[in-house]
Amino acid sequence: MAADRVLAIVQAGGAGGRMDVLTRERAKPALPFVGVYQLLDFPLSNLAHSGVTDVWLSVQFQGGTLEEQVANGRPWDLDRNTGGLRLLMPQEGTGSLDEDGFAKGNADELFRIRDQVQAFDPDVLLVMSADHVYRFDYRDAIATHREHGAECTVVTSEVPIEQASNHATVEHDEDGRVTAFDYKPEEPTTGTVATEIFVYDPAVLVEELGRLHQELSGDSPAGDTGLEDFGDHLLPRLVERGKVVAHPMPGYWRDLGQPHLYLKAHEEFLTEDQDVVGVRGWDILTRQPQRQPARVLASATVADSMVSPGCRVAGEVVRSVLGPGVVVEEGAVVADSVVFRDSVVRRGAQVHCSIVDSGCEIAAGARVGDPDAPATEDPDAVTIVGRHSVVGEGVVLAAGSRLEPGTTA
């Protein structure tokens, strides 16, 4: 039997407003993770190891921040003459107002490229978001999809029920057939959530997108299909059809779409690989410039931390991640924080419970964040310094402060 012709669409998302100043000038999937990776590396690496070689990366915001990173797909063996990686950018002048320009949700985005999907004519359409961290063989979900003759297969994970309201919740029967789908419910009844990885029957998907567009567009302004995100109309409609099944993802999965969740995930990787990174035969592939080895000097104290290539550490680093090229001078303290590449923490400065973007300077004696802030529990408690910013000598940024990119405090 011939193998399925699989097309994967990686949805790189919109402006990523929940990440605040970190995504003012970059696409959210370009955010670094544990120093040496970007979020986009995870779905692309999983696709490479799953043998999927036709990959479309759909970029709706700050696409230029991803172009250099993906390098035409080279790190994932996707720079090829046939198939490989294709970047999909918003276009003008190619159709009606409902088809041109920027999408207003991930279901709307699929509607706008439906003709291209039909022209490709895949047997299976694999759609995923680009801002989650996990290790997964997509072939397992495709096998479940085929076994059940499903129109849509939803890959699920388990989260504490008090966190489920941030996601789409999924209920299913003993055979895996999805019986209820609730998008970001105020009072969730289950901790089973959609990981935003879907396997679709392409013909059914295109048919339902068209039908929903006809029903919804009349009540929407010009240029808005009314389709919004997958959980608003598309998945509930497919569940009504009765051929949606759930496929549980084993192991670690995290949505890093909010500052406190981003910090929390880094904390979880400080002393454990979580069976995601460092797995033999399933490397997380990336494109990173070559750096000199990190230096940890005699005056330094480093504990439960990750120090990337090119760093120079003479101060104290505790429960933190330092990106490539970060400098922590003698007498400086970085604790419970993530510092992006090429930032400098000067002598006597302190950084606590914070995210410091790339190319920043925390001047001598400055104080960023609060060591008592509940930064992994409350998004408003995380202090964030936007990239290429300066926190001046002796300046104090209280817990929860935001410094816009390119500014001086």
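Me: How many helices and strands are there in the chain?

Reply: This is a predicted model, in which local features need pLDDT of at least 70 and side-chain atom pairs count only at pLDDT 80 or more, while totals for chains, interfaces and linings use all residues. Residues are numbered from 1 along each chain as its sequence is written, and side-chain values use heavy atoms, without hydrogens and water. Helices (H or I, at least four residues) and strands (E, at least two) are DSSP runs numbered from the N terminus. On that basis, the chain has eight helices and 31 strands.

Me: What percentage of the residues in the chain is buried?

Reply: Buried means under 20% relative accessible area, with a 1.4 Å probe and protein chains only. Of the 409 residues in the chain, the buried share is 55%.

Me: Among contacts between residues at least 6 apart in sequence, what share joins residues at least 24 apart?

Reply: A contact means heavy atoms within 4.5 Å. Among contacts between residues at least 6 apart in sequence, the share joining residues at least 24 apart is 59%.

Me: At what angle do helix α6 and helix α7 pack?

Reply: Helix α6 covers residues 202–216 and helix α7 residues 230–241. Axes are lines fitted to C-alpha atoms over the stretch in contact, and angles run from 0 to 180 degrees between N-to-C directions. The axes lie 10 Å apart, and the angle is about 115°.

Me: Which residues in α7 do those of α6 meet?

Reply: The α6 side includes V204, L205 and E207. Their partners in α7 are H233, L234, R237, L238 and R241.

Conventions: Buried < 20%, exposed > 50% of the residue type's maximum accessible area, 1.4 Å probe, protein only.
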